[in-house]
Amino acid sequence: MCGIVGYVGPRQAVDVLLPGLSRLEYRGYDSAGVALVRSDSMDVIKTVGRMADLTGLVGKESPAPAHAGVGHTRWATHGAPNTVNAHPHLDDNGDIVVVHNGIIENWRALKSELAAKGHRFVSDTDTEVIANLLGEMSDLPLVEAVRQVMLRAEGALALAVMRRGEPDVIVGARRGSPLVVGRGDGENFLASDIPAFLEHTREMIVVDDDRVVEVRPDSVRVFDLEGNEIEPEHRKVEWDLEAAEKGGFPTFMLKEINEQPHAIADTLLGRVTGSGRVVLHELEVDEDVLRSIDKVFVVACGTSYHAAMMAKYAIERWTRLPVEIDIASEFRYRDPVLDDRSLVIGISQSGETIDTLAAVRYAKAQGALVIGVTNVVDSALARESDAVLYTRAGPEIGVAATKTFTTQLVAMQLLGLYLAQVRGAMDPARVEMLVGEMMRLPEQVQTAIASGAEIERLARVWGDVRDFFFLGRSGDFPVAMEGALKLKEIAYVRAEGYAAGEMKHGPIALIEKGVVVVGVATDSHVRAKTLSNMEEMKARGATIVLVAEEGDDVGDVADHVIRVPPGPDLICTVTAVVPLQLLAYHVATAKELDVDKPRNLAKTVTVE
Ligand code: M6R
């Protein structure tokens, strides 16, 4: 996830690009840059750091006036966040300038082809490949060159491109990643999101997938990938600026819950083949080393620990390797038995949680192989691990983890299947079946999000409930734990997450009328047992809510049933957690709490 902006018109471009990018900082903030294009010159100014750093640099360099340009604020996906990898990127002749949001899935193949023709690359990004492909087509109008590149580039992407000496045209293109045009009077804007231009115009065009758009001061023309001109639909923005920054949602948390289908699709992108194999080249770990592993440990905190719980079930079931999971702050104090045949996986969305870092440092010192799973490129966890697997959720602003959790689940499922594949522990047909099911997750999560209105209605009724229990078994257990944590942290309600079968060993004494018990019963091999446990809660007066798969006959045990699309055990954890995120959200907002900044919490915990 990154933010892109373009401007062409009578104003000083820098006065539009810099504030526009600042309003897109929620999309990424590890580096930023602008390109200012004139008829006789072009400046590219970029830096690692936030928009404040770029604004300072532009002030210092004081570029000559320019009335057109493009800009970018980055959330790294390829290459570390540094000034060289910051956008805009140029082709090796310095004629084409590109800003890009998304992932070019076939960038390795394109880069090899271009390198064989003598092209030189200075950054580690996939974007530079696009610039050089366009540089090869200097005889074509820019809009035609971009159309041809879109036919070759695979993956989800949005582009804004300019050419040296052509300050009156910006060409944009979109597949998967968002792109909108702002229509002004004698000026036009291009951006990843509306806030970038909302102070200048409310007239806009949403660029559809597989479209190329040519933006000039007085015209906007949209083409499909066959080159046919399309009549775009013009819209008027009704939101104010604050609502626009949240994509029209009242809070970042709700926006991020709604971004999950996209984030999951991005996390899967390029990591599975059409024939249902998992490809994780990025790990760069010798397969013989992975085959020599005899024990796995997963360490994490908070929500990431719940992803570790799911990972234990997945890795043990799929690879038959023994897996231990640890709350990261406990790991090194229990003196775990580690050696060079141990694999330690650290999960942390921020990659900066000190407890998790301390655990992986300890593991490395004992000779274990460390894989970091994080959402932040070049975070401490990424730098200090032997290998990294990134979730691609984009920046998460709400303190409560939502899209970073579901993408962690997906990343750990990919890693589990990959280990099984490399070690020959699983029938390839079964891997293929599970991969196929994972590819359906974005759509299924979208369906689960649609249950929000019903959950909001229930949450209003429960405004005064003091005690919640969240129960599940097997793969449903981490989902229940996460449901309880969400409710505690944003709604300030006492909520216990428990293994459903454990209730009878003590906590059932707390069950009485007025307690709400949320059961998760999507894991088919334990579902019947979970339902019996829910009967036990009902018999003692609790109100029963059940998360169950569409079409599953759950009898009359529950007062309310929340349906989610069916999926195989463990894979369906991704979908099952969504109603619980929404439940916590609506209980909290019914109490008028600040869900994005809950009390006493920090997004990243860097103290022990
Ligand atoms: O950045 P990390 O994933 O390492 O963070 C771990 C926990 O601090 C985090 O998951 C915390 O529990 C969140 N508030 C969950 O919503």
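**Questions on a predicted model**

Guide: Let us begin with a loop: P507 is found between β22 (494-499) and β23 (516-521). Please keep in mind that the model is predicted.

Visitor: Is P507 buried or exposed?

Guide: A residue counts as buried when its relative accessible area is under 20%. P507 has a relative accessible area of 12%, so this residue is buried.

Visitor: What is the distance in space between P507 and E496, C-alpha to C-alpha?

Guide: In sequence, P507 and E496 are 11 residues apart. In space, taken from C-alpha to C-alpha, the separation of P507 and E496 is 9.4 Å.

Visitor: Let us turn to the ligand. Which residues come nearest to the ligand?

Guide: There are 13 residues around the ligand. By class, this shell holds four nonpolar, seven polar and two charged residues. Those that come nearest are S304, S348, S350, T353 and E489.

Visitor: Which element gives the largest share of the shell around the ligand?

Guide: The elements that give two or more residues to the shell are α10 (302-319) and α18 (476-491). The largest share, three residues, comes from α10.

Visitor: What span does α10 reach from its first C-alpha to its last?

Guide: Helix α10 has 18 residues, and at 1.5 Å a residue the expected span is 26 Å. The span in the model is close to that value, at 25 Å.

Visitor: Why is α10 described as largely enclosed by the rest of the structure?

Guide: The reasoning rests on how many residues of the helix are buried. Helix α10 is largely enclosed because, of its 18 residues, the number buried is 13.

Visitor: With which side chain does the side chain of S304 make a polar contact?

Guide: S304 lies in helix α10. With a relative accessible area of 8%, S304 is buried. At 2.9 Å, its side chain makes a polar contact with the side chain of Q408.

Visitor: How many disulfides does a search of the whole structure find?

Guide: A disulfide is a covalent bond between the sulfur atoms of two cysteines. Across the whole structure, the number of disulfides found is zero.

Visitor: Let us consider the backbone. Which peptide bond is cis, with omega near 0°?

Guide: Most residues other than glycine have a negative phi, and most peptide bonds are trans. P88 lies in the loop between β4 (68-74) and β5 (89-90). The cis bond is the one from H87 to P88.

Visitor: What phi does D210 have?

Guide: D210 sits in the loop between β11 (203-206) and β12 (211-215). Its relative accessible area is 27%, so D210 is partly exposed. Although D210 is not a glycine, its phi is positive, at about 55°.

Visitor: Is N600 buried or exposed?

Guide: N600 lies in the segment after α20 (573-590). This residue is not a glycine, yet has a positive phi of about 65°. Its relative accessible area is 77%, and a residue over 50% counts as exposed, so N600 is exposed.

Technical notes. Residues numbered from 1 in each chain as written. Predicted model: local features only at pLDDT ≥ 70, side-chain atom pairs only at ≥ 80, totals over all residues. Heavy atoms only, no water. Disulfide = S-S within 2.5 Å. Near = heavy atom within 4 Å. Helix = DSSP H or I, 4+ residues; strand = E, 2+ residues; numbered from the N terminus. Nonpolar A, V, L, I, M, F, W, Y, C, P; charged D, E, K, R; others polar. Expected span 1.5 Å × (residues − 1). Buried < 20%, exposed > 50% of the residue type's maximum accessible area, 1.4 Å probe, protein only. Polar contact = N/O pair within 3.5 Å; in protein donor to acceptor, adjacent residues only side chain to side chain.
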